[in-house]
Structures are given as structure tokens and as C-alpha cells.
Amino acid sequence: MSTGETGEDDHAVIRFGVLGPVQAVVNGEPVALGGPGVRGLLAMLLLRPNEVVPVEDILDGLWGDDPPLTARTIVQNYVSRLRRQLRLVDPSGSVWIDTQLPGYRLIVDEDLIDVTRATWLLDRARHEHPVRRAEMLHEALGLWRGPVLADVSPRITAPELEDLRFAVLEARIEADLELGRHAELIGELTTFAEAYPFREQVIAHLLLALYRTGRRADALEAYQRFARRAAEDLGIDPGPALRELHERVLNDDSTLLLPAPAPLVPPKVGVLTPSQLPPAPVGFHGRDVELVWLDELLADEHGAATPIGVISGPAGIGKTALAVLWGRMVGHEFPDGQLFAGLRGFHPEQAPVDPGEVLTQFLLTLGVPSNEVPAERDDRAALYRSLLAHRRVLVMLDDARDSAQIRLLLPGGSRALVLITSRVRLEGMVARSGARLLDLKPLSVPDSVRVVDSIVGHGRIDRTRLERLAVSSGGLPLALRVIGARLAARREWIADELIAELADDRTRLAALTAEHADISVRAAFDLTFRRLAEPDAFRLLGVVPGPSVTPAAMAALQGVGFVTARNGLRALADAFLVAETSQDVFVMHDLVRLHAKELAPVGEERSAALDRLVSYYLDAADAARRMLGPMAYPVGKTDNQDSLTPAGAVEWFSREWPNLEALLDVAAPRDAWRVARMAHDYRVVRSGRSPWDSIVHKGLAAAVAAGDLEGEAWMRHSLCVLRTRFDQAGEAVSDASRVIGIATELGDARLLAAGHEALADVYFGLGRHREALAGYEKAIENYRQAAEGELTAFTLARLALLHAETGEHETAERHARMAVSLSEAAFTEGFCREALGRVLSVQGSHSAARQQWRRSAELYAQVSADRAEQMRDLTDGV
């Protein structure tokens, strides 16, 4: 079951809600779905996820017995809009609508729907301690955002959702009653009894709460009031369970009161059941999936082997808290006791604990007299295994340094369970002992908010500020606890000061310190850094300006080979200083990134490393962009002979785009504009996935700052293309004219052609066909002079569209077919076939046009171009 933690995800996750207005949410932000019809369609698909919803059911839900004549076409358009919206917000394609007779099916992970989450919380809560049960059921009730399906047609109903809400509500009240919260519940139960007078379970809960608070007469009166109303309005008597409860209250049955705690009985001499787990953490929230994982570790069949779980994660991620909480929740499963040892694998001052010392501690705890503890470590281990051979015990080993520190501490029997926490991924335990690994991720924002709120005091800090503090923590429980501690002892106005400190990268780590640096996020990271075998790789990561790094980039940064760089990054991943979110893509947590920046080299060492990194990106970007089609801007800074496919080039740019943006802020101006121009070349193919105007403006500013006329011209050309797309004709004409002027001054035919073509595009958009025609012809002349056949093809295709608009159909078709014949790259041919299809369509040859568009869509798809979808829509007649 998903918890909804998003900090760990490598892409945005879309979630859906029907427990209130129908909604889709990405990273906490609602997605615009459209009108009631589109939302109604989505609601019907969400209520029956992964099932085929017949079109007839959809028509009935949207219009009942009186659908419009074009109802089926309208539904098709709704489906098309939803598909388009899903593709925009979920590029990974994890959610989609499948057409399958006799209707449509929403393919979706059901855990992403709020109904599934609420049902799971209800089912899971039944097996939890009342404290945890109440928390989970409160969370489940919080999923209702108002009346279900509130903003769609009233014909779309789901009465089972109201039943689910009452089941959750009644289960939560039961948990609160078990916890002795009867006095707090009376007001709520009285309100519910008035609103829903015939729900016997609510009446039963009210009777019990009143009786437990000493209001026996009121409890009996509440029963009589219900009995009279049931008889008068429904002609029935109360059910047997409620009658029995009434009888017990009437007889003043004291067993209805909360049972008193059992008296403590001292253990018999010689029989000792250890209970060494530390106290359960206060304010623990989230980790539902991880708790289920631990439950499954306990429940699974392990044969004759000892079940072993390893909880791994970076400093401050809450490994010990999770292990201790779960250990206490399942303590009854281990009647022979729980052993605990802190191994000090990453202690700031003391060496890791020798396993022999732990064995001595365990043997003494298990009742072995001190004079009978073996002197030899191996003998102690043998006696330890013998004592635990048939005992049902939990052995918790906290903060392990490595697998070697643990091996002697493993019991030999299959009835014991071993739970280990460590800042490194103990893969050796998997190979040698069959351990199962659980990597902890940061907490979600809602869970982070709950942690701070519980430490500070519920409601003391408003929700908006709590969320800002939670986001600044990056979901790291240690950071959240420091934030809570700093707020708890002071007035709430310090929250604004703390928010400001956490928003500034220069003061963020310093702000996450409490008790005179005794509890500090920076100190926790330092301990991990000091244990690294090769610390220089981590220091160099502080030079990386973007959010991720690949082995290829790291190899350039370090000046080593690819394999060496990859092995180094994976060693850092094993220490949880980076995370390999997908193959060969490594990401640092925000707070770890700030720590790396503090340790990064300075001066000449930093400059040299940054130059190597910039050179790599220029080289790799140049290689990637050339796979997408012909580029007006010529060869990049260096040659690159790596073999790429068009799809691989798109993947490279998509993955590296945030890094390219960040690189512009640190690269030298002579390099920054080249990076920006190559990013522009990618956006020509894929224009709509993220804003790119800032990159163009930064590139232009860098070129001007460097006094590089060529750079200024190419970046003004990029700006002209951008402004043409956004209907800023006046500025675009000025930019294109400046490009032409610089190209003439430099004697650069390719640049001159690009300038004339850009100016022609602007004139074409303004309807100034004569000027556009002259510009395209000059561009073609200069491209041919520069021997650029592919670029000539692009311009011929645009010229064909111009002639088609002016009614010169034969000329238009001739230019379009010539453009297709000159094309070699997939994107070029796709564009030229698109143009040919439009020319044929204007001529009335619709079948031939669709054929060209179909082929154009296939070619665009090879480079993941946005225009592929437009071609599919044209082909389908949308």
C-alpha cells in the first residue's frame, strides 16, 4: 500500500480523489480537468478502476434517459481530453485510458485513489494497537473533503462510499473509547446521533461513553429516546446488541468500565525475560508501507533460517525510530523477550562496539552468571546461539558499521528475528545470511507536517507555515525534530525567522541545529562522510550545480574513467549520500547537497573541476542534439563520437535539462551561451514540457557579457524563434534583423540563412506574404551556399506552406515533395511530410494527406516530438 511519500520519487505522481469533488493532484497541486462532463467521466472510471466501463453506463451517468444526439462523440472528445491531460501531467505513462469494447478502462495503480487508501487504512487499523489505530482512522477520515462526487452529475452515485465513511468513523470512535477518551466523544456522538438517529452503533457508543463518565441516567435516557423513535417511525425494536448493552448499563455492570492495568509481578529468580528496547518515539507519523514490510518479514515462512531484516538509510532518516516502534508494536509476538544493542557504527567520538562486548552483554542479560561467560569470543557466540536456539526473541542491532560487526550476533534458531539498522546498505548480509533490505525514504509533506505539529503542540503553528517548514526539511525526520525543538521552546513568531533561515542555502544547515550543536543535521552527515573510503568523490559532488549526476559527468569531474566513476557513485549510494533513482542517475537529498557544497574544493581545484564538467556537457549536448535533426548552429565546443539513437538523445536531454539550466549560472559566459543554444535546439523538437525562455535570456546575456558577436547572433535567433511562438512580432523582427546584420558583418552564410528564415517566419505569421517569400528564398540560397541540404528542406517546407496559403497549390506541392526528398533525419522528414499533408489537404486530397500525417506522426514519435500527438489528432480528424 502506497504512503504517498513523494520526496523519493524520481518523477511526479498523479493521485486521484472522489471522496469530495472529483480531483487529480500532482505534487499537492490540483490538475485542471475540465467541465462537469469530463470530471463525471473520470469519476465513473475511478469508481471502477482497471475495469471496462461500458459506454452505455457512461451515457446513462452523464445524461440519463435523454442523451444528446452527439452523445457518443462528446464522450470520445472527453476521453481524448483526459488522455491529453494525463500525458501532460504523467509523462511516465503510468496512468492511461484504454479503449476496450464495450467501453473504456482506466489503467491505474489503485493505491493512487483516495478510496483505496481509506479502505486500506480501515483494514490495517483493525490489527493495530488502539493508539496507532486511532491515528490511522483519523487519517482515513481526513481523506473526505466534502460530499462525495460533489461536482459531477447527481446521476453518478456511489452509496458504498458513504457506508465506508461510517465504517471508518465508527471504528475510530471504538478506538478512542478503548483509549479512555469517552468524555471527549460525548459531544461528537450526540451530534451524530441527532443527524443519524437510526444508526444503532452510534447509539451504542454514546451509551458506553455516557456510562463511563458517570452519567448512567443520561445513558439510559439516550437508549429510551432511540427506542421510542425506532418504534414510532420504523415500527421496530432496538437490535439484540443494543438491548444487551442497555441491560448491562441498567444493572450497573462495572465490567463496562475500562479495565485497570494488571499489577506488576516480579520475575522469578533464574527466569529472566529481557525487554531492552528503548522507549517508543513520540510524534511518529507515516511509514505505513514500511510497517507492513516489517509485518510481512515476521509473518513469512523462512524455513530453518533466521529471519533478518536490515533497515538502511541516510543519517537522520528515522531508522531506529521505525525499528523501535515496530518492535514495541509486536512485542507480544516475542514472549521470550527483546534484546537491543547500540553498535555505535557511526559515533562521533567512540569506536564501533566490538561484537564480543555485545555478546557478553547479551549473555548476562539472558541470565548467565558473569563467572560463566566464556573468555573466547567464538565460545561466547556459541553459547549465545545455544541459549536462543528455541527461544522466540527479537534481536535489534542498531547503527551497524558493516556486516562483519553483525555476523557473530546472529542467533542460530529460526524462532528468533533479527532487525538491523545501518547507514550503509548491508548487501553482504543478503549474500551471506539471506537478509531482506528495506531502504528508508524521506517522509511525505503531510507526514512531515504532522511530526512538527505534534512536537510543537497541535494547532500552535498554522498549516501554511508548517508546510513551508516541512518542505525545507526535505522530509528528513531528524531535521523535522530539530525544527520542532526550536519552535517548541519559543513563541510562534520565531517560525517566520526559521522559515527565512531554511529558505537560504547559506544558513539552512546551521538552522537545523539544536542544543548547542549536540543535535545537528550537519553533524550527522559529517559522521557518514568521515567513514568514506574515498571522500574526494563526495567533495567534488559539491561542485555539481544541478540536482543529479551521471557516471559520465562524474568521470569528467574527477578526471577518471566511466567505470571508476560509476563504482564511486555506487559506493556513495551504499552510504546513502546519493540515491540511484534510475540506472546511472544519482541524486542527492537537498540537505546532503548543501553539506557537499560546504566540503567542495575551492580556488583553482574547483575551477579546473568545473571546466571539465562544462566541457562534458557541451560535448554530450552537441552529440545528443545532432541526433534530433539538422541544427542551424554549427559544431559545439568539442567533437563527440558517442553513438546515440534519436530516442536516446531525447532521453539524455530530458534527464539533463535541470542540470543544463543550473549550469548556466556557473559556467563562463563563453560556454554558457553555447549550452543555452544547444538547449534551444532540443526545445525545437520538444517545446512544451517545461519553460525555456529563461535559458534563452540567460544565454543571450552571457554572449553579450563575453562580447561574442557570433554568440549574440545565435541567441538572438533563439529569442526570435521563442517570440514568434508567443506572438511577439515586433520584438522578433528586431531580433531577426540584428541576426542578419551580425551575420553579414561576420560573412557567415549559415547564420545569415537562419536570420532570413526567422524573419520570414515572423512575416508569414503576420500575413505579410511577399516579405516572407523573399526571406525564405534568401534563406534557401544561403543554406545551399553553405551546403546544408537538410536545413534547405526545412525552409522549403515552410515555403510550401506559404504558397498553399496564397493559393499556389501546384508550386506548394512541388516544394513540399522536394523538401521530403532532401530529408534524412527523422524530425526533418516528419516536418516536411506534415507540410506536404497540409498542402494535400488544402487541395482536397484528404486520404493522401492523412497518409502523410500518419507517417509524420511515426517520425516525430521516434524523437518524442510534441508534434506527434498533433499529427495523430489530424489523422483521427479531431
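**View 1. Arg84 and its salt bridge partner.** Arg84 is partly exposed in this predicted model, at a relative accessible area of 27%. Its side chain meets that of Glu869 in a salt bridge, 3.0 Å from N to O. The two come from distant parts of the chain: Arg84 sits in helix H3 (residues 71-89) and Glu869 in helix H38 (residues 867-876), 785 residues apart. Glu869, for its part, is buried, with a relative accessible area of 18%.

**View 2. The Asp176 and Arg181 pair.** Here's another salt bridge, with N to O at 2.8 Å. Asp176 is buried at 4% relative accessibility, whereas Arg181 is partly exposed at 28%.

View 3. Arg798 lies in helix H34 (residues 789-805) and Asp761 in helix H32 (residues 749-766), so their pairing ties together parts 37 residues apart in sequence. The closest N and O atoms are 3.4 Å apart. Arg798 is partly exposed at 22% relative accessibility, and Asp761 is partly exposed with a relative accessible area of 22%.

View 4. The structure holds 51 salt bridges.

**View 5. The hairpin of S1 and S2.** Strands S1 (residues 14-17) and S2 (residues 23-26) run antiparallel and pair over 4 bridges; Gly17 has Gln23 in S2 as its bridge partner. There are 5 residues between the strands, and Gly20 in the turn has a positive phi of about 140°.

View 6. Leu234 belongs to helix H9 (residues 216-234) and is partly exposed, at a relative accessible area of 45%.

Note on methods. Residues numbered from 1 in each chain as written. Predicted model: local features only at pLDDT ≥ 70, side-chain atom pairs only at ≥ 80, totals over all residues. Heavy atoms only, no water. Buried < 20%, exposed > 50% of the residue type's maximum accessible area, 1.4 Å probe, protein only. Pairing = 2+ DSSP bridges. Salt bridge = Lys/Arg side-chain N within 4 Å of Asp/Glu carboxyl O.
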